[in-house]
Amino acid sequence: MLPYSIREGVANFRRAKFAVFASTSAMSVALVLVGLFALVTFEAQNVSSWLRDRVGEVEVFVDEDASTRQAEALHTRLKTIPAVSTTTFVSREEAQKIFAEEFGEGAEIYDDGPFLPASVRLQLKTSYIHTDSISQMASQIQSFDHVDDVVFDQALLARVQQNVRLVSLAGLVLGAIVILAAIFLVGNTIRLTIYARRLLIRTMKLVGATDAFVRRPFLVEGVLQGLIAGTVASGIVWGLYRLMLRELPDLAISYAFPHAEWALAGGIVVAGVLLGWLGSFFAVRRFIKSVDIH
């Protein structure tokens, strides 16, 4: 046979259908809000990282007097810099071809021969894409032999950094508001459902039931409500996410983390169980202490 706590927790679903529905619905709404916020935050961080990667490119121009061997030696040296993720060597001929493609019509007037210097394009690691770090690295590279100039878009990088900080700060503030609203909504709803059973709690206390004995069925009920609410919320978030991907397929979080969708859905379900358990625990404890058995 099932333990008394589990049987009573399940039976409470039948006894107070409206209260259970209200509490489960409130938890579902709260978890949908938290899940959507987590999804939007993740996408915002992905976009911020993508922007930083785009501006985190440094181009090192090789001295025109440098020989092919000297240019290759410089390229090899640049690969050893800790901040560098990947390097691409652009010869004078390749630079001429890129110029013709980007310049379009009229580029043929420069067909007398390669007039652009060779260069090495450095893609930096994300952790090093900061204005101070890149400026320091550029000064270091400038001192290398056979380097003519080091170029990167400092102004654009500074703007991207500022926007990333603003997005992160806004995300923290909104996240705190969403989580506090979810806790308040769920806590009040569970408190009302348990308040409706205050006579049952008082009766159990009158016949000598311990606080733990009284509390356990409500905890089981809270966990079951949280499990149902988490499952419903994860389905809603997953459905909304799939609708978004139809319009914006490049925002798929699976590109960054292969199992991110399942992790998000599982996280919402686990959050629902924890939310139901915690809400029931604190609400029941409060009413047990306030029950007057005299």
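Which residues does I81 touch, not counting residues up to four places away in sequence? In this predicted model, the residues are M137, I141 and F144.

## Nonpolar cores

I81 also belongs to the largest nonpolar core, a set of 27 residues. I81 is listed there among the residues with the most contacts inside the core, together with V58, V60, L78, L122, L124 and I141.

Helix α5 gives the largest share, 4 residues.

## Helix α3

Helix α3 covers residues 68–79, 12 residues in total. From first C-alpha to last, α3 reaches 17 Å, close to the 16 Å expected at 1.5 Å a residue.

The buried residues of α3 are A71, L74, H75 and L78. Viewed down the helix axis, the buried residues of α3 fall within an arc of 100 degrees, so they line one face of the helix. The cover over these buried residues includes the strands β1 (57–62), β2 (84–90), β3 (119–124) and β4 (147–151), as well as helix α5 (131–142).

## The loop between α5 and β4

H146 lies in the loop that joins α5 and β4. The phi angle of H146 is near 70 degrees, which is a positive value in a residue other than glycine. Is H146 buried or partly exposed? The relative accessibility of H146 is 29%, so the residue counts as partly exposed.

T24 is placed in helix α2 (residues 17–55). T24 has a relative accessible area of 11% and counts as buried, because the cut-off for buried is under 20%. Leaving out residues up to four places away in sequence, T24 touches Q225, I228 and A229.

G267 is in helix α9 (residues 260–290). With a relative accessibility of 37%, G267 counts as partly exposed, whereas T24 is buried. How far apart in space are G267 and G35, C-alpha to C-alpha? The distance is 8.7 Å, while the two residues are 232 residues apart in sequence.

Notes
Residues numbered from 1 in each chain as written. Predicted model: local features only at pLDDT ≥ 70, side-chain atom pairs only at ≥ 80, totals over all residues. Heavy atoms only, no water. Helix = DSSP H or I, 4+ residues; strand = E, 2+ residues; numbered from the N terminus. Expected span 1.5 Å × (residues − 1). Buried < 20%, exposed > 50% of the residue type's maximum accessible area, 1.4 Å probe, protein only. Arc of directions from axis to C-beta. Contact = heavy atoms within 4.5 Å. Core = buried A, V, L, I, M, F, W, Y, C linked by side-chain atoms within 4.5 Å.
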